[in-house]
Amino acid sequence: GQGAGGAGEPAAAKAGRAELLRLRRVACMVELLYASGLRISELVALPAAAARARGEAILVTGKGRKERLVPLSGPAKAAMSAFLAARRASGLEASRWLFPAGSESGHVTRQQAARDLKDLAVAAGLDPAKLSPHVLRHAFASHLLAHGADLRVVQTLLGHADVSTTQIYTHVLDERLKSMVRDLHPLSDE
């Protein structure tokens, strides 16, 4: 058989496969960013081996070369599986990076990932300023805290060396608590 990217393959088929790979990559990146709270620099530099573990978590190398284990949600695992299938079909299986590209580093750059998110926002009819890698990281932390996660656990998941850095995310929780007291406490004056 011809295999992925065979010489006899029509250009339209190659272009279609490249577009499917791009779409699956963007979906995988969004799911991973929101499900894990990774920094964009950590995400784009994930080795391909991170996806081969088939476990419930990925090993991430963060700032200061510190490693941490980050659990994955069902949707993130499904998006990664779909991306890996498209990656195999495109003949990129040999790359050492999860998100290979023709850049100097050999993987998708932070800037390209951010542009992909902006394009996704525009395609979805959203303000592109409201979708960025950091917005997804912030949403991850804020949503965990709003649903009762321990601040130290969120600190570990985000890879923060100091809990004071994580406390930045508690302002969302503080506002939610204030509104709950204002709206629900029987002695509050509206």
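**Charged pairs and a helix crossing**

Guide: Glutamate 56 counts as exposed, at 54% relative accessibility. Exposed means over 50% relative accessible area, buried under 20%, partly exposed in between (1.4 Å probe, protein chains only). This is a predicted model: local features need pLDDT of at least 70, side-chain atom pairs count only at pLDDT 80 or more, and totals for chains, interfaces and linings use all residues. Residues are numbered from 1 along each chain as its sequence is written, and side-chain values use heavy atoms, with hydrogens and water left out.

Visitor: What does glutamate 56 meet in a salt bridge?
Guide: The side chain of lysine 77, at 2.4 Å, N to O. A salt bridge is a side-chain nitrogen of Lys or Arg within 4 Å of a carboxyl oxygen of Asp or Glu. Lysine 77 counts as partly exposed, at 28% relative accessibility.

Visitor: How many salt bridges does the structure hold?
Guide: Five. One of them joins aspartate 116 and arginine 25, with the closest N and O atoms 2.3 Å apart. Aspartate 116 is in helix α5 and arginine 25 in helix α1, 91 residues apart. Helices (H or I, at least four residues) and strands (E, at least two) are DSSP runs, numbered from the N terminus.

Visitor: Is aspartate 116 buried or exposed?
Guide: Buried, at 4% relative accessibility. Arginine 25 counts as buried too, at 14%.

Visitor: New topic. Where does serine 36 lie?
Guide: In helix α1, residues 11-36. Serine 36 is buried, with a relative accessible area of 0%.
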